[in-house]
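Please read the following report alongside the sequence and the coordinates.

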Amino acid sequence: MSSQAELRRPSQMRGAALFDRTDYRLIEAPEDRDEIYRLRYKAYLNGGLILPSETGQVRDVYDDAPNVWIFGVYVDGQLCSSVRIHVLTSECRMSYSTELYGDHLHPRLDRGEVFVDPARLAADPEKARRLPELPYLTLRLAYLACEYFNADTGLAMVRPDHQPFYRRVFLHEPVAEPRAFPGWHTMKTSLMASDFKNLREKVLTRFPIMRSSAFERRMLFERNSQPQALSRPVLVQAPLSPAGLV
């Protein structure tokens, strides 16, 4: 997702209207996955993160992990962005974050903590320029996952120029030094994190678009094949309020 889109706060309150035009889809069919992989390639190539390749796709082994949810974000029926969400527990630890920052995360997972780990954020460059709210709408999925899975901490592997967005919206702070990300030839990422349970109300007050209903969360994340290791009692949630950006 372009730095201009991520770091620019929407100048006009279009959040509620755009929210009504937005559809979140869990991506599972092979042909739909291919569309997501092509979107990643287009976004990362445009951002100078990767070199051209004959495949025209970006995918990795974590796309098939048992603790993964891959979403497409559609506005007016058109694919605009995507995010991959991993839920990390003591029994399910597969993600790039645990690969790169295992020295920070494994001891906490050993203690029974639960992390929500969004990755592979990508947006169509042209659509991102037209829809400055797109980063909020896309990363909202990670926040809903924190609610649904009763996470202790929200994570994000973030390039340096995008850190202000995560700090401002999710109150993330860096917890590890920058490290090279596999496949990116120009930039390192830093691991950022926030205490979801203690900061939840502050984020929801400042950004009401992050609110959700229990029904919406079940529709997005509940599935029959969900690993037992991801089960955990959920929080009592606040009711759904109108979407909006503050």
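Leu137 is found in helix H6 of what is a predicted model. With a relative accessibility of 1%, Leu137 counts as buried, because the threshold for that class is a relative accessible area under 20%. Leaving aside residues up to four places away in sequence, Leu137 touches Leu18, Phe19, Thr22, Tyr24 and Ile209. Its C-alpha atom also lies 9.3 Å from that of Ser81, a residue from which Leu137 is separated by 56 residues in sequence.

Helix H6, which spans residues 134-148, packs against H7, H8 and H9. Two packed helices are described by the angle between their axes and the distance between the axes. These two values are set out below for each pair.

| Helix pair | Angle between axes | Distance between axes |
|---|---|---|
| H6 and H7 | about 60° | 12 Å |
| H6 and H8 | roughly 130° | within 12 Å |
| H6 and H9 | about 100° | 10 Å |

For the pair H6 and H7, where H7 covers residues 163-170, the angle is about 60°, and the two helices are therefore oblique to each other. H6 passes H7 in a right-handed crossing. On the H6 side the contact is made by Pro135, Tyr136, Leu139 and Tyr143, while H7 contributes Phe165, Tyr166, Arg168, Val169 and Phe170.

The axes of H6 and H8 cross at roughly 130°, so this pair is likewise classed as oblique. Here, however, H6 passes H8 in a left-handed crossing. The contact involves Tyr143, Cys146 and Glu147 of H6, which meet Phe196, Leu199, Arg200, Val203 and Leu204 of H8.

From H6, the contact draws on Arg140, Leu141, Leu144, Ala145, Glu147 and Tyr148, and from H9 on Glu216, Arg217, Arg218, Leu220 and Phe221.

Ser213 lies in the loop between helix H8 (196-206) and helix H9 (214-221), and a polar atom of its side chain is placed 3.0 Å from the backbone nitrogen of Glu216. Is Ser213 buried or exposed? Its relative accessibility is 18%, so Ser213 counts as buried, given that the class takes in values under 20%. Ser212 has its place in the loop between H8 and H9 too, and its side chain is joined to that of Arg217 by a polar contact of 2.6 Å. Ser212 also counts as buried, because its relative accessibility is 2%.

Asp103, which is placed in helix H4 (residues 96-110), makes a polar contact of 3.0 Å through its side chain with the side chain of Arg179. The C-alpha atom of Asp103 is separated by 9.6 Å from that of Ala176, although the two residues stand 73 residues apart along the chain.

Two residues other than glycine have positive phi values in the model. For Asp76, phi is near 55°, and this residue has its place in the loop between strand S2 (68-75) and strand S3 (78-88). For Arg120, phi is near 50°, but in this case the residue is found within strand S4 (residues 115-123). Arg120 is counted as buried because its relative accessible area is 9%.

For the chain as a whole, the secondary structure comprises nine helices and eight strands. Buried residues make up 57% of the 246 residues in the chain. Among contacts with a separation of 6 or more, residues 24 or more positions apart account for 77%. The chain exposes about 10,900 Å², of which carbon and sulfur atoms supply 53%.

Technical notes. Residues numbered from 1 in each chain as written. Predicted model: local features only at pLDDT ≥ 70, side-chain atom pairs only at ≥ 80, totals over all residues. Heavy atoms only, no water. Helix = DSSP H or I, 4+ residues; strand = E, 2+ residues; numbered from the N terminus. Buried < 20%, exposed > 50% of the residue type's maximum accessible area, 1.4 Å probe, protein only. Contact = heavy atoms within 4.5 Å. Areas by Shrake-Rupley, 256 points an atom, 1.4 Å probe, with all protein chains shown as cover. Polar contact = N/O pair within 3.5 Å; in protein donor to acceptor, adjacent residues only side chain to side chain. Axes fitted to C-alpha atoms, helices over the stretch in contact; angles between N-to-C directions. Parallel < 35°, antiparallel > 145°, perpendicular 65-115°, else oblique. Left-handed = near helix turned anticlockwise from the far one by under 90°.
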